[in-house]
Amino acid sequence: MKLFTFSFSRFTCYHRFESHLSMSSFVSSINHISGKSSWVMQDENYDYHQEIARSAYADMLHDTERNKKYFLALGKAIQLKRDKGEKVHVLDIGTGTGLLSMMAASLGADTVTACEAFKPMADCARKIIQQNGYGNKIKLIPKRSTHVSVGPDGDMSHRANILVTEVFDTELIGEGAIGTYTHAHKELLEENCIVVPSSSNMYVQVVSSEFISRWKDIQPIKLQGCDDVRPPSDTTSCSGAIALHDLQLQQLPRDQFTCLSEPLKVFRFDFSGKKPLVSNRQSEVFFEALSNGHVDGILMWWDLQMDTNGEIDLSCAPDWVHPNLKELQWRDHWMQAVYYPSNILPVLKDDKVKVISNHSEYNLWFDVAKENSNGNTKISNGPDCFCGIHTAISRTRFGMINDPDRRQIIIDALRKNIKDDTVCLCISDGSLLPLIATRLGVKQVYTVESNPLCKRIVDRFIEENSLSEKIKVIEKHPENVTIDDVDGNKVDLVVGEPYFQTSMLPWHHIQFWHSVKCLSNVLHPETIVLPCRMTIKAVAVDFIDLWKIKAPVGNCEGFDLDIFDKLIEASSDIADETVEPQPLWEYPCQARSDVKNVYTFDYTDFVSKKTLPCMTNTKLNINSHGSCNGIVLWADFDFGDGNVVTTGPRDITVINKKIEWDYYSRQGVHLLKKPVHISTEDLKLSKHCVIKIETKFEPFKSDDFAFAFSMEYCQ
Ligand code: SAH
Ligand code: ZN
């Protein structure tokens, strides 16, 4: 399972140092209005609550296929041991809520030992086990399995003859499964033990897709009638970063990729202990290309053989290659992943191609080559970004930079607003707008880059494209920019991509509004500002599956997990925001209300001292049959003449129809604790539901927008 997704692309990182004077500590937090970071005091238990709240336990426990197949396979294993006249001793490594141990106990195991490394979960498991009446049957050890000992004075008096464990993530081995199994077989298990699951196969499918390649690198920017903007040559030959690109593969539009191969089995992991698990391996698998194309991506997933004779199979395959569509299960704790080849390889139909697969103890990486080329590809030791761009820029941001539609809107707006003598000022992070504006013919560009990593990238692009005479990078926070920084020039145009590295949610681009205000001393009343407006919008929706990440589990396969639900809820109330970022193109939903404006900012109004409303109220009306379990918020950026860059729906939204979300933004999601249901009976009585959003914006008091949600049924 995917426990803690703290990769920088998904969540903010906190830097922490302890204060010895109190039970609190200081953490670095971002002011989303000014873009500055500051130290704030936080309760010492905050991390603890955040870890619990953000763990994917709830979603995993809603994975019915997983739960049922573990139960079934455990039953089979226990029966096999009984049939041989053996006593049954089960070990559950990583017990979480205690679920698999309670299954084993209920199936009549003679002894059950559960271990759990994460202390809060171990405490929780102890209570759950007690409450379900298995307190005397299950021995709980709050330790990592590799610290568990066997012997008269040890944690376990004797070795176990059945191991049940679920320590997998999207990459199967990323949570340390190889080490956990290896140690268990050596120290904790009998030689003829049964292991649930017993093995796993890993599959890849090679695809050709311009769409997928947008997540790999910054591509050259073609500008009609002008020179291209070229990426630095070493970035195109860089092997990239090891960072996992996990995603819900079956949400990829089917017309956006062509499969060049069938699914190919690249690794088998035998957990049974009959053969040692190897930490480092390479495999080569050959295929004949199914059509012409280029290898842009290597898709990966795995399956589990739960029982020893392979009758109970649990597959993470996406729908188009799933072995049993009836069993297809939505899950977020195990997704699929995309890997990028070191070079985009052109292939013709029937060409013989090999996939080179590698794994270490915790990581996977893949490459492709023509059949007869020598084995050693550039990434034989694993990807290792030497160009700096792959470590500084997230996949989503690569996609955003390469998105042709988004780019065209900005280019059109620039073309309309620049003349030969235009002096332009850019405000964004790591943006290529200064290069585009220069190619389109402005006289001089200044670009404010306060983030050193982003500045380095922009510098590299400027150098590669020989534009250092026309573009000056100002490495300062906008608050500190003076008229000297722009060489005493009068700035005619301020432009910003809607993007800042620290922005977690679409409206954090409010930083642009703040920056423009700070820069008013170098602007004049006629200065054009692009985008000229930001509008925060909202819609009520019904998520098909996403609700499972927060919904209480209640009863799971006959076991009461209420204590767990309470633990998660308490931590979530402390550590979770009311609105959280999610890449919604991966999580389908239907519109359940019209789209409403929540707040509009006029970016051009940088001189007036006009006060903005500190609070707005928005009402979303749900008056058709069905349910509603969430609210989605996003921002639109107006580049003039009706040209809008959106971080929301790509199309007009229609009530009760699926919303197609932008691929390169995360939207703000509020999941309702109590979903709304409107029945046909309700409609006959003209009963409907109104969801109210109260939005607070107090730039001098707070460092972010605050949203509060409430609902009422009306008649
Ligand atoms: N078995 C539970 C929970 C699975 S989640 C269920 O199936 O519902 C995996 C759990 O294993 C996490 O709580 C994690 O903290 C724990 N874990 C992972 N590796 C471990 C190890 N080597 N020893 C003990 N706990 C481990
Ligand atoms: Zn790189």
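Figure 1. Ser 200 has Leu 304 as its bridge partner in strand E15. The model is predicted: local features need pLDDT of at least 70, side-chain atom pairs count only at pLDDT 80 or more, and totals for chains, interfaces and linings use all residues. Residues are numbered from 1 along each chain as its sequence is written, chains are lettered from A and ligands numbered from 1 in the order in which they are written, and side-chain values use heavy atoms, with hydrogens and water left out. Strands (E, at least two residues) and helices (H or I, at least four) are DSSP runs, numbered from the N terminus. E9 and E15 (residues 297-305) pair in the antiparallel sense, over nine bridges. Pairing requires that DSSP finds at least two bridges between two strands.

**Figure 2. Other partners of strand E9.** Ser 200 also has a bridge partner in E12, namely Phe 269. Six bridges link E9 to E12 (residues 264-270), again in the antiparallel sense. Strand E11 (residues 258-259) runs antiparallel to E9 and is joined to it by two bridges. There, Thr 258 stands opposite Ser 208.

**Figure 3. Both faces of strand E9.** Why is E9 largely enclosed by the rest of the structure? Because 10 of the 10 residues in E9 (residues 199-208) are buried. Buried means under 20% relative accessible area, exposed over 50%, and partly exposed in between (1.4 Å probe, protein chains only). In a regular strand, side chains alternate between the two faces of the sheet. One side of E9 carries Ser 199, Asn 201, Tyr 203, Gln 205 and Val 207. The other carries Ser 200, Met 202, Val 204, Val 206 and Ser 208. Both of these faces are covered.

**Figure 4. Strand E22 beside E21.** E22 (residues 444-448) is mostly covered, with five of its five residues buried. Gln 444, Tyr 446 and Val 448 are on one side, Val 445 and Thr 447 on the other. Strand E21 (residues 423-427) runs parallel to E22, joined by five bridges. Leu 425 stands opposite Tyr 446 of E22.

Figure 5. Which residues come nearest to ligand 1? Of the 20 around it, they are Tyr 57, Arg 66, Gly 94, Glu 116 and Ser 145. A residue is near a molecule or strand if one of its heavy atoms lies within 4 Å of it. The shell has 10 nonpolar, five polar and five charged residues. Here Ala, Val, Leu, Ile, Met, Phe, Trp, Tyr, Cys and Pro count as nonpolar, Asp, Glu, Lys and Arg as charged, and the others, Gly among them, as polar. Helix H2 (residues 57-61) supplies the largest share of the shell, three residues.

Figure 6. An N or O atom in the side chain of Arg 66 is 2.7 Å from an oxygen atom of the ligand. A backbone N or O atom of Ser 145 lies 2.8 Å from a ligand nitrogen. For Ala 117, a backbone N or O atom lies 3.2 Å from a nitrogen atom of ligand 1. The protein covers 97% of the 580 Å² of accessible area that ligand 1 has on its own. Accessible areas come from the Shrake-Rupley method with a 1.4 Å probe; for residues, only the protein chains shown count as cover.

**Figure 7. Thr 165 in strand E7.** Is Thr 165 buried or exposed? Thr 165 is buried, at 0% relative accessible area. The residue is found in E7 (residues 160-165). Its side chain reaches the backbone oxygen of Ile 93 at 2.9 Å. Leaving aside neighbours within four places in sequence, Thr 165 is in contact with Tyr 70, Ile 93, Tyr 181, Val 196 and Pro 197. Contact means heavy atoms within 4.5 Å.

**Figure 8. Asp 576 in the loop between H15 and E29.** The loop between H15 and E29 holds Asp 576. Asp 576 counts as buried because its relative accessibility is 11%. Its side chain and that of Lys 550 form a polar contact of 3.2 Å. A polar contact is a pair of N or O atoms within 3.5 Å; within protein, one must be able to donate a hydrogen and the other to accept it, and residues adjacent in sequence count only if both atoms are side-chain atoms. Not counting residues up to four places away in sequence, Asp 576 touches Ala 53, Arg 54, Lys 550 and Ser 571.

**Figure 9. Helix H1 and its packing.** In H1 (residues 46-54), the buried residues include Ala 53 and Arg 54. The buried residues of H1 pack against strand E3 (37-43), helix H5 (119-131), helix H15 (562-575) and strand E29 (580-582).
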